[in-house]
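The sequence and structure are shown first, and the description follows.

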Amino acid sequence: MITLGKFFGDKKSYGLLSNLFGFKSLLEALKENKFPEESTANPGTFKSSELVDAARLMLSFYKEAKLKEFAEKYQFEIVLNLFKRVEAILNELQLGSGASPEDVAGGILKTMIKTKLNKKPLIGQAKGYVLNVNVTGLGDFVEITNEKIDALNNEDLLNNVAVTSSEMKMNFDALFK
């Protein structure tokens with residue numbers, strides 16, 4: 001795993017994560033009718049599985065058609081705004097209403113990676129390189145392009161990206177073979 005550094009300053013990625021984990025906290029509190037227990041998952045530190053779980057909860061809410069109909073009929077703006085917020089997240093990730101939790105989680109990770117790698121090593125160029133040094137001290141240059149980032153699949157992203165203390169870590173060998 002290579003540490004890419006802090007992403008706290010990346011407003012788009014942090015905003016997506018804040019919205020997703022905020023939904024999770026709100027919906028869990030409403031569902032259980034009690035203050036949520038302490039969670040280790042937050043926008044700066046989470047496991048991929050926690051990101052998928054948060055997306056699953058958000059999408060489960062979004063698919064509550066009767067709740068949306070009721071909110072529209074009686075003009076419950078707060079509830080309607082929650083539905084609009086989910087739609088905005090899906091639009092930002094270029095996903096449709098049929099997106100899976102893995103699609104949402106993978107889309108957020110891809111957004112984070114693209115933003116970070118466009119700063120270094122791409123530096124606004126079409127392609128860049130990362131020197132990946134293995135345990136024996138030998139190094140391989142890994143070519144990075146936006147096309148390669150866009151082509152990453154959800155399973156690889158979820159298995160090879162970690163976030164701790166607002167730092168993103170990636171397994172370049174697994175992602176950019």
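A polar contact is a pair of N or O atoms within 3.5 Å; within protein, one must be able to donate a hydrogen and the other to accept it, and residues adjacent in sequence count only if both atoms are side-chain atoms. The model is predicted: local features need pLDDT of at least 70, side-chain atom pairs count only at pLDDT 80 or more, and totals for chains, interfaces and linings use all residues. Residues are numbered from 1 along each chain as its sequence is written, and side-chain values use heavy atoms, with hydrogens and water left out.

The side chain of N160 reaches the backbone oxygen of D156 at 2.9 Å. N160 belongs to helix 7 (residues 154-160). Helices (H or I, at least four residues) and strands (E, at least two) are DSSP runs, numbered from the N terminus. Apart from its neighbours within four places in sequence, N160 is in contact (heavy atoms within 4.5 Å) with M1, K169, M170, N171, A174 and L175.

Two residues illustrate the burial classes, in which buried means under 20% relative accessible area, exposed over 50% and partly exposed in between (1.4 Å probe, protein chains only).

| Residue | Relative accessible area | Class |
|---|---|---|
| N160 | 12% | buried |
| L131 | 46% | partly exposed |

L131 is found in strand 2. Together, Y129, L131, V133 and F141 form a nonpolar patch on the surface, with about 440 Å² of accessible area. Such patches are made of residues with over 30% relative accessible area and no salt bridge: like charges are joined within 9 Å, nonpolar side chains (Val, Leu, Ile, Met, Phe, Trp, Tyr) within 5 Å. A salt bridge is a side-chain nitrogen of Lys or Arg within 4 Å of a carboxyl oxygen of Asp or Glu. Accessible areas come from the Shrake-Rupley method with a 1.4 Å probe; for residues, only the protein chains shown count as cover. Strand 2 (residues 127-133) gives the most to the nonpolar patch, with 3 residues.

Strand 2 pairs with strand 3 (residues 139-145) in the antiparallel sense over 7 bridges; pairing requires that DSSP finds at least two bridges between two strands. N132 stands opposite D140 in strand 3. These strands form a hairpin with 5 residues between them, and G137 in the turn has a positive phi of about 95°.

The chain as a whole has 8 helices and 5 strands. Of its 177 residues, 38% count as buried. The chain exposes about 10,400 Å², of which carbon and sulfur atoms supply 52%.
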